[in-house]
Amino acid sequence: MKKQTETKNRDSSVWKVLTQSVLLGVAVISANAAGGRCPPNIATSSIYFVPHLKDYCKTPTPCKDFKKEVRMQGSGTIPGNKLLTYNGKTMSLGDCDTAFGASGKCLIPFISVAADARYYSMGDVIQMPGMKGKIIPLPNGKKMVHPGFFIVQDTGGAIRGKNRFDFFTGSFGVDDSRNVFGIQGAADTQMADVNDCVERKQFTVVRRGSANYEKSLLAIENSLSKSTSGVVVATAKESTGGGVR
């Protein structure tokens, strides 16, 4: 009788552990599906960039390594002021010197973000006070004092959830030492790690048409106007519309 009781208790304990493990797994999956790994008010962040063919291939013809990176990032630049997209299509960059987002607008390095279209409209603004005032080296060789605002201008298949954002870094790759959002970035600017749920990534959303919307766009425009060309500033003004990626 004692042996049967011990066996029953042992089986009960095993079942309890298994049940708890399954429930924990379900909770984790649900949390990731709902908004990424971080708490709802903290961005689960990653970065993406636009690769250049010349950095991957020895000839003007897209090589295997370049095509692989294009599929991962969404697009890449090729000779002739053109963009090669992840699905093999080519398109003219026109006046754009980076890439196009789902909004149809030029992506702005360190300002444009990809977000889940189920929760965000193209042109919505993400306010992140922890980034305000940070000095950001740009791919054009200049620097920008970050306004603490980002514009939703893109989407992505892996960008799922209310707090899941992919930050665009121009031609700076994830391991580029110049990329302050990359894996070599300083602790107070790094955005490449989805598991990095630090307080400085707290954010709020400024919806198009809300009271502070125009004010946030003006802050972005002011930061850009002091460091970049008029073409990019115009893009910031027009970014309230809605590609590649």
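# Briefing: strands, charges and loops

Arginine 118 counts as partly exposed, because its relative accessibility is 46%. On this scale, buried means under 20% relative accessible area, exposed means over 50%, and partly exposed lies in between (1.4 Å probe, protein chains only). The model is a predicted one: local features need pLDDT of at least 70, side-chain atom pairs count only at pLDDT 80 or more, and totals for chains, interfaces and linings use all residues. Residues are numbered from 1 along each chain as its sequence is written, and side-chain values use heavy atoms, with hydrogens and water left out.

**Overall picture**

- The protein has four helices and 11 strands. Both kinds of element are DSSP runs numbered from the N terminus: helices are H or I with at least four residues, strands are E with at least two.
- Of the 245 residues in the protein, 45% are buried.
- The accessible surface of the protein is about 12900 Å². Carbon and sulfur atoms account for 55% of this surface. Areas come from the Shrake-Rupley method with a 1.4 Å probe; for residues, only the protein chains shown count as cover.

- Strand E10 spans residues 164-168. Five of its five residues are buried.
- In a regular strand, side chains alternate between the two faces of the sheet.
- Both faces of E10 are covered. Arg164, Asp166 and Phe168 are buried on one side, and Phe165 and Phe167 are buried on the other.
- Strand E1 (residues 44-48) runs parallel to E10, and five bridges join the two. Two strands pair if DSSP finds at least two bridges between them.
- Strand E5 (residues 112-114) runs antiparallel to E10, with two bridges between them.
- Aspartate 166 in E10 is the bridge partner of serine 46. Aspartate 166 also stands opposite alanine 114.

**Salt bridges**

- There are six salt bridges in the structure. Each is a side-chain nitrogen of Lys or Arg within 4 Å of a carboxyl oxygen of Asp or Glu.
- Arginine 118 meets aspartate 116 in one of them, at 2.7 Å from N to O. Aspartate 116 counts as buried because its relative accessible area is 3%.
- Aspartate 176 and arginine 178 form a salt bridge, with their closest N and O atoms 2.7 Å apart. Aspartate 176 has 15% relative accessibility, so it is buried. Arginine 178 has 48%, so it is partly exposed.
- Arginine 200 and aspartate 196 also meet in a salt bridge, at 3.9 Å from N to O. Both arginine 200 and aspartate 196 are buried. Salt bridges with shared partners join Asp196, Arg200 and Lys201 into one network.

**A positive patch**

- Lys64, Lys67, Lys68 and Arg71 form a patch of positive charge on the surface.
- Patches are made of residues with over 30% relative accessible area and no salt bridge; like charges are joined within 9 Å, and nonpolar side chains (Val, Leu, Ile, Met, Phe, Trp, Tyr) within 5 Å.
- Lys and Arg count as positive, Asp and Glu as negative; His and the chain ends are not counted. A charge is placed at NZ of Lys, CZ of Arg, CG of Asp or CD of Glu.
- Lysine 67 sits in helix H2 (residues 64-73). Its relative accessibility is 40%, so lysine 67 is partly exposed.

**Loops: backbone angles**

- Most residues other than glycine have a negative phi.
- Asparagine 81 has a positive phi, near 55 degrees. Its loop lies between strand E2 (75-78) and strand E3 (82-85). Asparagine 81 is partly exposed, because its relative accessibility is 41%.
- Phenylalanine 110 also has a positive phi, near 70 degrees. This residue is in the loop between strand E4 (90-92) and E5. With a relative accessible area of 0%, phenylalanine 110 is buried.

**Loops: contacts across the sequence**

- Isoleucine 183 is in the loop between E10 and strand E11 (204-206). Its relative accessibility is 53%, so isoleucine 183 is exposed. Isoleucine 183 and isoleucine 47 are 136 residues apart in sequence; their C-alpha atoms are 9.7 Å apart in space.
- Asparagine 41 is in the loop between helix H1 (2-35) and E1. Its relative accessible area is 37%, so asparagine 41 is partly exposed. Asparagine 41 and phenylalanine 203 are 162 residues apart in sequence, and 5.9 Å apart from C-alpha to C-alpha.
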